[in-house]
Amino acid sequence: MSIFFKSKESETSDFPTYIVAGLGNPGDKYLFTRHNTGFMFIDYCSEKYGCKINKLKHKALVGELRLPDKKVLFLKPQTYMNNSGEAVREAADFYKVPPSRIIAVSDDTTLDVGVLRIRPKGSDGGQKGLRSIIEHLGTSDFVRIRIGIGQKPHPDYDLADWVLSEFSNSEKKTLFETLTRASEALNIILDGNVALAMSRYNG
């Protein structure tokens, strides 16, 4: 049975037990850009599980999902990508959520579109949102789900221009399928089995 099954009789703590932070940039002009893949993932989960992400708290748009034995805080930092750690740290401190129960979802330019890479900890890999989270938490020991957005077309192509470009129509179809698989992986991670999620979904 999926852990996303909701029970009216189940009780959870008033405070979230997990934080799932999707990384991106606020504003309509960034809405469907490659760098906003983390935001897209949170929006996908919001739609799939009926969890509205519409409250402004901790420098982020947030929404809560109550599960039978835990509560998940979905978070979209509004600090812009390079300062994502400000919102994650503020929420983590307020709710006393340890780094081991924080899951960051970001884009990855080293992976092809459609490829997932899940890790229980590690370096930022050049992703500045992850770097900011590491700096503000003071540790790299948090789970990350990286979603491939493809490498820039050629070496001289400006990286900033690439990550702020939009997906092609064919890439959008692949991305949607990837978000589905990423949500399945999140299901397993929230059930406490990062290793199983890695073995099933890492490309």
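Serine 106 is found in strand 5 (residues 102–108); strands are DSSP runs of E with at least two residues, helices are runs of H or I with at least four, and both are numbered from the N terminus. This is a predicted model, where local features need pLDDT of at least 70, side-chain atom pairs count only at pLDDT 80 or more, and totals for chains, interfaces and linings use all residues. Residues are numbered from 1 along each chain as its sequence is written, and side-chain values use heavy atoms, with hydrogens and water left out.

Buried means under 20% relative accessible area (1.4 Å probe, protein chains only), and contact means heavy atoms within 4.5 Å. The contacts shown leave out residues up to four places away in sequence.

Asparagine 36 lies in the loop between strand 1 (18–22) and helix 1 (37–49). Glycine 24 is twelve residues from asparagine 36 in sequence, yet their C-alpha atoms are 4.2 Å apart.

Now to the cores. A nonpolar core is a set of buried Ala, Val, Leu, Ile, Met, Phe, Trp, Tyr and Cys residues joined through side-chain atoms within 4.5 Å. The largest one has 37 residues, and those touching the most other members are Val20, Phe41, Phe74, Ile103, Ile145, Ile147 and Leu186. Helix 5 (residues 169–190) gives the most to this core, with eight residues. Apart from it lies another core of 21 residues, including Ala92, Tyr95, Ala104 and Ile133.

Key: Buried < 20%, exposed > 50% of the residue type's maximum accessible area, 1.4 Å probe, protein only.
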